[in-house]
Amino acid sequence: MGSIKPFSTIYSCITLLLLTASSLALAELKVFTLTLENHVFTPQEIQIPANQKVKLVIENKDDLAEEFDSFDLNRERVIFANKKASIYIGPLEPGRYEFFGEFNPHTARGYVVVKEENKDD
Amino acid sequence: MNKLLTLILLLMSFNALADGIVVDRVYHPYVTVNEREFEWRFMSSQTDDKNILNQKLGYGHAIFEKVAVEFYIIGERDQNDNFAVSGYELESRIMLTEQGQYWADWGAVIELEKANANENYEASVGLLFEKEFTKTSLTLNLFGIYEWGKTIESEWETEFRLKYRYRYMPEIQPSIELYSGEDFVGIGPGFMGVHRIEGQRQIKWEAGFITEVAHSGKNHTFRFAFEYEF
């Protein structure tokens, strides 16, 4: 039976924490907003820049919770009734990424459209 | 990428022994609010001279926004080839960071297992890591385990698990899995998938076929898990 060395473990854990901490300093993220009302996302297409991490703030104006779900974006997040939730997506390659509301998939649907930013913008 | 390689090498540098079947599931560092699930896990390990069979039936529930607990009944085949309940396990998964917010996503899992017969216990703490690379995801688990009881020697153990997954389509997400503990390093193909039924109701499955590569001799483990979330 092996036994791990306590100091080795502590050292490794500290290194892990440092690796994490070094990644916490995030640059200012661009913020995009979606609204959910009457089980419909507005806008139904939201454009974001390619190859950048962005913050998507979703405001649920309905009296029922909804679950934002997207296999394309690899995200799943419950948004409580009359609350906001933030979802971090990207960096993504250009393309169309579908999302939907798990509780109302026929009406609550939309796309994140990822485009290369125009350098003149 | 250098940061990631450093992390993997660091985690693999833990080299103590884990008893029983090292191959299990690779945990993702996420908890979904209100999630409830029934789970069935199956692990069968075949060596030159024996077959170990381990199954778990569990029920889990997210008790807070970022914390889920799950209770398992564990069954194992004994030396007389009888399959019977061998123990119980309580598990708690904790989501430590919001998905995608930082360079990588972090979580933790805490488990307490009691063997049915001999008042033997096993407590473990696992650090969970996941990093997305476009359509692929790398998931790492590192477990520190402490065992004690009437018929076993008290000891610390560690286990390391790795899964590199291609998110091809919801139902089919092929992966490569790696498991290690002292005297065991196994690698092999796996896959996972999800089928949405309605609302939060969905079925998830995953399977893997892991071959031991550190020693000569036969040591294959087949594992699968089904979850019904609602």
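This is a tour of a predicted model, one selection at a time.

Local features here need pLDDT of at least 70 and side-chain atom pairs count only at pLDDT 80 or more, while totals for chains, interfaces and linings use all residues. Residues are numbered from 1 along each chain as its sequence is written, chains are lettered from A and ligands numbered from 1 in the order in which they are written, and side-chain values use heavy atoms, with hydrogens and water left out.

**Chain A as a whole**

Select chain A. Its secondary structure comes to 1 helix and 9 strands, in the order α-β-β-β-β-β-β-β-β-β along the sequence. Helices (H or I, at least four residues) and strands (E, at least two) are DSSP runs, numbered from the N terminus. Colour the chain by pLDDT, the predictor's confidence in each residue, from 0 to 100. The mean for chain A is 85, and 75% of its residues reach 70 or more. Over residues 1-7 of chain A, pLDDT stays under 50. Where pLDDT is low, the predicted coordinates should not be read in detail.

Of the 121 residues in chain A, 44% are buried. Buried means under 20% relative accessible area, exposed over 50%, and partly exposed in between (1.4 Å probe, protein chains only).

**The core of chain A**

Now select Leu56(A), Phe68(A) and Val112(A). These touch the most other members of the largest nonpolar core, which has 22 residues. Such a core is a set of buried Ala, Val, Leu, Ile, Met, Phe, Trp, Tyr and Cys residues joined through side-chain atoms within 4.5 Å. The elements giving two or more residues to this core include strand 1 (30-37), strand 4 (54-60) and strand 9 (109-115) of chain A.

Stay on Val112(A) and show its contacts (heavy atoms within 4.5 Å). Leaving aside residues up to four places away in sequence, Val112(A) touches Ile46(A), Ile48(A), Leu73(A), Ile89(A), Gly95(A), Arg96(A), Tyr97(A) and Phe99(A).

Arg96(A) is the next stop: its charged end sits over the ring of Tyr111(A), 4.1 Å from the ring centre. The rule asks for NZ of Lys or CZ of Arg within 6 Å of the ring centre and within 35 degrees of the ring normal.

**Backbone points in chain A**

Most residues other than glycine have a negative phi, and most peptide bonds are trans. Select Thr42(A) and Pro43(A): the peptide bond between them is cis, with omega near -10°. Pro43(A) is in the loop between strand 2 (40-42) and strand 3. The bond from Gly90(A) to Pro91(A) is also cis, with omega near 0°, and Pro91(A) is in the loop between strand 7 and strand 8.

Asn82(A), in the loop between strand 6 (75-79) and strand 7, has a positive phi of about 55°. Asn82(A) is partly exposed at 48% relative accessible area.

**Chain B**

Move to Asn34(B), in the loop between helix 1 (2-12) and strand 1 (36-47) of chain B. Its phi is positive, near 70°.

Next, select Ser124(B) in strand 6 (residues 121-133) of chain B. Ser124(B) is buried, at 4% relative accessibility. Its contacts beyond four places in sequence are Val109(B), Ile110(B), Glu111(B), Phe143(B), Gly144(B) and Ile145(B).

Finish with Tyr166(B) and Tyr168(B), a tilted aromatic pair with 6.0 Å centre to centre and 35° between the planes. Rings of Phe, Tyr and Trp (its six-membered ring) pair if their centres lie within 6.5 Å; planes under 30 degrees apart count as stacked, over 60 as edge-to-face and the rest as tilted.
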